[in-house]
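Hi there,

Here is the structure I promised to send over. Have a look first, and my notes on its salt bridges follow below.

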Amino acid sequence: MKLITAVVKPHRLDEIKEALQAFGVQGLTVTEASGYGRQRGHTEVYRGAEYTVDLVPKIRIEVLVEDADAEQLIEVVVKAARTGQIGDGKVWSVPVETVVRVRTDERGPDAL
Amino acid sequence: MNGADTTFVLISAALVMLMTPGLAFFYGGMVRVKTTLNMLMMSFISLGIVSVLWVLYGYSLTFGADVGGGLLGNLDHIGLAGIGPDTLTDGKKGIPVFAFALFQLMFAVLTPALMSGALADRVKFTAWALFITLWVTAVYFPVAHWVWQEDGWLRKLEVIDFAGGTAVHINAGIGALAAVLVVGKRIGFKKDPMRPHSLPLVMLGAALLWFGWFGFNAGSELAADGTAANMALNTQVATGAAMLGWLVYERVRHGAFTTLGAASGAVAGLVAITPAGANVNALGAILIGVVAGAVCSWAVGLKFKLGFDDSLDVVGVHMVGGIIGTLLVGVLAVDGVGGLVQLGRQAVGAGAVIVYSFLVSWLLAVLVDRTIGFRASEEQEIAGVDQAFHAETAYDFSAMGGSSARRDLPVAAPGRGDATEPQKSLNKKVDV
């Protein structure tokens with residue numbers, strides 16, 4: 001199994017969710033995140049004092065999939081997340097040893 | 001007794017009361033999350049302390065018969081002695097002294113609260129309480145006597161200060177500067193970002209201040225008449241103009257029309273029109289507003305250049321705005337009053353308050369610092385003084401962890417006592 005993690009622009013969440021549902025993904029986890037890559041933050045002004053805000057708000061989407069689906073799923077996410085502008089984010093996958101469904105004790109791909 | 005005037009003054013007193021919580025929100029939104037409650041409390045506590053002091057001796061020191069030289073009132077009215085429901089003020093403004101005393105009480109509450117913004121995030125709550133107790137006693141009561149008691153020396157000099165440009169705003173601004181010089185900078189001043197944590201709260205506070213200020217300014221006439229109406233109109237006009245002045249300056253210098261700028265500009269205009277509004281026409285009020293907005297917008301940057309940490313710009317807004325209004329009315333006063341002579345009087349009034357208030361405020365701050373210590377410890381300041389002095393936090397950001405367990409669902413408790421027993425103790429000793 002693989003854990004696919006995508007850190008992307010917050011306003012793409014709905015498109016990504018719909019694309020994943022169309023692909024057949026049963027569940028996912030979304031968290032608010034902040035960070036920076038090539039896109040840096042912005043400047044804010046309070047009574048003339050300027051502050052540089054480095055961290056940009058993002059969302060992190062995590063999905064568990066079977067190995068065979070991983071590449072295709074990454075493509076689905078990338079396509080849905082892309083705006084072509086700087087700051088579109090990144091998607092990556094890592095291998096997962098064990099997954100357990102808490103309610104039933106099912107393990108491995110059955111737990112997805 | 002004049003019923004209409006009495007009604008007006010009583011309502012105005014309630015309006016002015018609202019300014020202190022309004023100020024608390026104005027300041028509270030500008031600090032970081034970890035010191036929000038302390039900032040609210042530094043203003044709010046003044047409603048407690050000064051209300052009591054006013055009855056005990058404040059009214060008497062301020063409005064008691066002059067002890068000589070127009071410097072201070074006597075002690076005849078300690079505990080409001082000699083005043084009853086039937087005691088009226090003199091002259092055309094025949095209203096109960098109780099109404100007048102209540103109205104003036106609200107000014108005495110607001111003025112020390114104004115200083116709190118300069119000392120944000122870093123002073124002990126007990127030290128602050130002691131400082132404002134001493135400060136209203138040794139600074140505010142005498143200066144208000146100079147300006148408003150009929151034998152006060154600035155009033156006899158015919159200095160125009162209708163509602164408190166000198167006694168309230170210059171006084172609080174320069175007093176705050178003196179206290180800041182004693183207390184020192186916040187840890188991280190000029191290095192760490194200290195962004196306002198809630199601009200909506202700042203805007204709410206500014207709105208409450210603006211609303212209450214009609215009572216502050218127009219109510220100072222102590223009569224429901226044309227002067228009060230002129231003052232109310234000018235209060236609105238100058239405040240609007242000052243907001244525009246601040247925003248235009250800011251747009252040119254910093255590239256944006258900020259929410260904080262709009263709120264700050266409004267307050268700067270309210271400050272500047274306070275001494276002046278009853279003696280100028282509406283066009284004069286616009287001029288005072290625009291000048292105050294633009295100049296205060298510039299003045300709030302001085303602390304970075306000069307290196308004093310007037311955290312929420314009490315000096316830049318209240319002292320500078322107060323001076324602008326106090327001086328400009330000397331020139332712009334209608335009915336042939338305005339001119340060089342009057343400008344000179346205004347300068348004497350402003351200068352006297354600046355010198356006296358700075359020196360005494362500085363001495364009082366040193367006194368507090370040398371006795372009980374003015375500053376919070378470094379650890380308390382970094383963790384946030386809310387937890388250290390109030391054992392509370394303003395916001396609960398997380399539903400997971402952090403909160404204490406609910407105690408209202410007894411789990412198989414044999415006796416009711418166990419389940420309803422109050423929380424044993426806080427983890428940390430509460431040190432105030």
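Let me start with Asp151(B), which is partly exposed at 31% relative accessible area (buried means under 20%, exposed over 50%, partly exposed in between, with a 1.4 Å probe and protein chains only). Its salt-bridge partner is Lys156(B), with the closest N and O atoms 3.8 Å apart; a salt bridge here is a side-chain nitrogen of Lys or Arg within 4 Å of a carboxyl oxygen of Asp or Glu. Lys156(B) counts as exposed, at 56% relative accessibility.

Before going further, a word on the source: this is a predicted model, where local features need pLDDT of at least 70 and side-chain atom pairs count only at pLDDT 80 or more, while totals for chains, interfaces and linings use all residues. Residues are numbered from 1 along each chain as its sequence is written, chains are lettered from A and ligands numbered from 1 in the order in which they are written, and side-chain values use heavy atoms, leaving out hydrogens and water.

Over all chains, the structure holds 14 salt bridges. One of them joins Arg32(B) to Asp121(B), at 3.0 Å between the closest N and O atoms. Both residues are buried: Arg32(B) has 18% relative accessibility and Asp121(B) has 2%.

Arg186(B) also pairs with Asp309(B), their closest N and O atoms lying 2.8 Å apart. Arg32(B), Asp121(B), Arg186(B) and Asp309(B) are linked in a network of salt bridges.

Best wishes
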